[in-house]
Amino acid sequence: MKKIKQLAFPYFLWCAIFIIVPLFMIFYFAFTKNGNISFENFIKIFDISTLKMIYTSIKIAFVTSAICLIVGYPFAYIMSKLNVKYRTVAMLLIMIPMWMNFLLRSYAWVSILSQNGVLDNLLKIFGINYDSFLYTEASVILGMVYNFLPFMILPIYTSLEKIDNSLIEAAHDLGANDNKTFWKVIFPMSLPGVFSGLTMVFVPVISTFEVSLLLGGGKVNMIGNVIERQFTKTQNWGYGSALATFLMIIILLSLIFDKESVEKGGINE
């Protein structure tokens, strides 16, 4: 046991240097102003412009999560019913795009959606006039869904795959049709995967800045973009740290929500 603890020392050192110390620095800059304790940085968060930006971030995160659920659940359900051989192919279709760099995947959509881009040239063949929606909230949501859809599909698929088939057979034996079996047996038992998927999509969407920067073109401001600018351009570390702290609170609340959902979601009351 003592040897195992010694082997764990590099891990604890790594956590201290790259997690605990940065968190301490964020809290320090967030709660201080010119070396004195101050809440001025947090007061700025309640400015109208900042509240609008936070609303936009939460709205995009919610819409992205909802679209991922609507698209991802049927895909996960169909995949769970496939033959093992085809199931492997479906899994590869989900995983292969994730092997590519995140920024490259997002930047590819710029070429597709831009005026005189791939989509524009394709529609011109059929005589359709294309009005580019690049650098809008719609393009940002599209990019978010494309990048984070696998994080919705995989946990739902895992929950569906673990459902005991005898429960479905018992429901049919008791006279339930396919529709009733799905809503009374399959869907309630897959809720842990649904809530895990929602959290795995919502949390990174609300905190990321790459997709909104590339597909929003600076016109769609999300909380991640503002934090990035405070540290890299305006050098207002205090305000950036306050926003980062606020974002951490939102993420922690969503994780608490997910914990409660996983504990209760599979119980069919």
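**Figure 1. The two domains of the predicted model.** The protein is divided into domain 1 (1-37) and domain 2 (48-266), with bounds that come from an automatic or database domain assignment. This is a predicted model, in which local features need pLDDT of at least 70 and side-chain atom pairs count only at pLDDT 80 or more, while totals for chains, interfaces and linings use all residues. Residues are numbered from 1 along each chain as its sequence is written, and side-chain values use heavy atoms, with hydrogens and water left out. Taken over C-alpha atoms, the centres of domain 1 and domain 2 are 31 Å apart. Five residues from domain 1 and seven residues from domain 2 make up the contact between them, where contact means heavy atoms within 4.5 Å.

**Figure 2. The interface of domain 1 and domain 2.** The size of an interface is often given as the accessible area lost when the parts come together. Domain 1 and domain 2 bury about 530 Å² between them, and 81% of this area is on carbon and sulfur atoms. Buried area here is the accessible area (1.4 Å probe) that two parts lose on being put together, summed over both. On the side of domain 1, the residues that lose the most area to domain 2 are Ile 26, Phe 29 and Ala 30, which together account for 71% of what that side buries. By class, the side of domain 1 that touches domain 2 has five nonpolar residues, no polar residues and no charged residues. In this classification Ala, Val, Leu, Ile, Met, Phe, Trp, Tyr, Cys and Pro count as nonpolar, Asp, Glu, Lys and Arg as charged, and the others, Gly among them, as polar.

**Figure 3. The fold as a whole.** The secondary structure comes to twelve helices and two strands, in the order α-β-β-α-α-α-α-α-α-α-α-α-α-α along the sequence. Helices (H or I, at least four residues) and strands (E, at least two) are DSSP runs, numbered from the N terminus. The C-alpha trace spans about 70 × 70 × 40 Å along its principal axes. Of the 269 residues in the protein, 38% are buried; buried means under 20% relative accessible area, exposed over 50%, and partly exposed in between (1.4 Å probe, protein chains only). Among contacts between residues at least 6 apart in sequence, 69% join residues at least 24 apart.

Figure 4. Side chains of opposite charge can pair when their charged atoms come close. The count for the protein is three salt bridges. In one of them, Glu 137 pairs with Lys 59, with the closest N and O atoms 3.1 Å apart. Glu 137 is in helix H7 and Lys 59 in helix H3 (residues 48-81), so this pair links parts of the chain 78 residues apart. Glu 137 is partly exposed at 28% relative accessibility, and Lys 59 is partly exposed at 30%. Another salt bridge joins the side chains of Arg 87 and Glu 161 (3.1 Å, N to O). Because Arg 87 lies in helix H4 (residues 84-95) and Glu 161 in helix H7, the pair ties together parts that are 74 residues apart in sequence. Arg 87 counts as buried at 18% relative accessibility, whereas Glu 161 is partly exposed at 43%.

Figure 5. Lys 124 forms a salt bridge with Asp 120, and their closest N and O atoms are 3.8 Å apart. The two residues are four apart in helix H6 (residues 118-125), so about one helical turn separates them. Lys 124 is partly exposed at 48% relative accessibility, and Asp 120 is buried at 2%.

Figure 6. Ser 139 is found in helix H7 (residues 137-161) and is buried, at 0% relative accessibility. Beyond its neighbours within four places in sequence, Ser 139 is in contact with Leu 113, Phe 133, Leu 134 and Leu 215. Thr 232 lies in helix H11 (residues 223-232) and is partly exposed, with a relative accessible area of 47%. The side chain of Thr 232 reaches the backbone oxygen of Glu 228 at 2.7 Å.

How values were computed:
Polar contact = N/O pair within 3.5 Å; in protein donor to acceptor, adjacent residues only side chain to side chain. Salt bridge = Lys/Arg side-chain N within 4 Å of Asp/Glu carboxyl O.
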